[in-house]
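Look over the sequence and the model before reading on.

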Amino acid sequence: MELQLPSLPIVFSFFLFVFILVNILKKSAKTSTLALTLPPGPWQLPLVGNMHQLFGSLPHHALRDLAKKHGPFMYLRVGQVPTIVVSSPEFAKEVMRTHDAIFASRPRTLFSQIMLYDCTDIAFAPYGEYWRQLRKICMQELLSTTRVQSFRPVREEELAKLIEWVASNVGSAINLTERIHTSTYAITSWAAFGKKSRDLEEFISIVVEALKQSGGFQITDSFPSLDFLALISRERPKLERLKRRAERIIENVIKEHKENKSAKESGKSGRDEDLVDVLLKFHNNDDLGFSLTSDNVKAVIWDIFTAGSETSATAVDWAMAEMIKNPRVMRKAQDEVREVFRRKGSVDETGISEMKYLKTVVKETLRLHPSAPLLLPRECGEKCAINGYEIPAKTRIIVNAWAIGRDPKYWTDPESFKPERFLDRSIDHKGNNFEYIPFGAGRRICPGISFGLINVELPLALLLYHFDWQLPRPMKNEDLDMTELFGVAVRRKDDLHIIPIAYDQSLVGKSQER
Ligand code: HEM
């Protein structure tokens, strides 16, 4: 039988048609008000918002404004996807405690399918046995307290470099934001990959680019039934290119680790175990009852690196910015840090547990500026009812931790930076108090809390101990602009340019001798 191939004009017309259709969809999404089509079932929530507000991205402050008008349990329809935005501690508790198992899945997105090897990482794996096993490895092996402590020399060495660099620049304005990010990424990289990661800078640039992509709106994610959109999306080739670049680096790291393992077994290498070593124990190894493929290992490495670095670095940056804006808080934190380090006779992380005020500064920073203000999205696994509203399966759930942390019903003077509010309130980071959930809550709560917190507390303690800080003239502390840059992790719009003044003079001398 002779195969009839479509002629060129037909192929061209087909692609032209698809192109026009996609553009019409995009355009109408940006401008028109949404038709009130409710999913089947006794759905009772009012449908809020129009597509113009919803497309582009879903910034946490815009969602709070909508919630003020329409209530803390708000139904939006983003393209084809029914979406609920939760903006009160009561409803957050319903989702993340009362019905936690039902809402423990994540939606599949173009990003997680491409970059995370078809959602086989920890953060985007669907709720089920595979995720449970990965999570167990994460809690018991990758991010256990012992493991986090084992990275102490890594933190101390990297942060010593940070302090030396600042000391070599006393008296002049430095871009502290940039340097904090470099140090935090270096700590995660060292913990994950081992010390020698020659491609670190390239890997960081890939991660930063990928985080930008994951924060933006992908039309394909909002029209899941239109499969062809994923095939022709402009984002797809961009993500695939990023993935190929990242993959080359991760594969090299894995190869080096396998070689080192052989060297270690033959007694030639005394290297400490890093996170890749831990994951490789499960690589194609059925003896441990759970085995990971190469792609699974790569997906988890990607998770640790992205989830672990940007979040902590952003928190340090916000804390410094808030303390510059509130010199009274900075002075009080400095007094405490200096007293503890002096009394102990050493400037290292053993003193951190005694720095009660510094810990409240970190809590207050994460209340006002949670690194992931909308947490990570959840998906309803099966039909259920909350407060009389029926939620169909596959509904996407967004919890606005940022709005919850500023809810005037729970927080006095919520927009002000007042760490003292935590001194007489026993609120922890473990997701037990739903008015404060910067790490999420329930089954999907962040497994990296201890690693994340020490990566925020230690650099802050060192920066406060060694230096006093001033804004370049004629800027006044109270004028510091706190505008946010929207993304998955929310950075300040402007980098923090400040002048370090040496407190510990011996350090300045030391750095000048080099
Ligand atoms: C200040 C630091 C950090 C903050 C504010 C933070 C915040 C969060 C939040 C809000 C979530 C979503 C929780 C939910 O859906 O309920 C999350 C999940 C996650 N975080 Fe963190 N995180 C931080 C540090 C880290 C670190 C250091 C790591 C690992 C090295 C990490 C690994 C993860 C992973 C793997 C998940 C996904 C968990 C799952 O879906 O089961 N995070 N984090």
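Strand β3 (residues 174–175) and strand β11 (residues 497–502) run antiparallel, joined by two bridges. This is a predicted model: local features need pLDDT of at least 70, side-chain atom pairs count only at pLDDT 80 or more, and totals for chains, interfaces and linings use all residues. Residues are numbered from 1 along each chain as its sequence is written.

**Terms for the elements**
- Helices (H or I, at least four residues) and strands (E, at least two) are DSSP runs, numbered from the N terminus.
- Two strands pair if DSSP finds at least two bridges between them.

**The sheet**
- Ile174 sits opposite Ile498 of β11.
- Strand β8 (residues 467–470) also runs antiparallel to β11, with four bridges between them.
- Asp468 has Ile501 in β11 as its bridge partner.

**The ligand shell**
- The ligand is surrounded by 27 residues (C-beta atom, placed from the backbone, within 6 Å of the ligand).
- The closest are Gly308, Gly440, Cys446, Gly448 and Gly452.
- Elements giving two or more residues to this shell are α15 (294–325) and α19 (449–466).
- α15 supplies the largest share, seven residues.
- By class, the shell holds 17 nonpolar, seven polar and three charged residues.
- Here Ala, Val, Leu, Ile, Met, Phe, Trp, Tyr, Cys and Pro count as nonpolar, Asp, Glu, Lys and Arg as charged, and the others, Gly among them, as polar.
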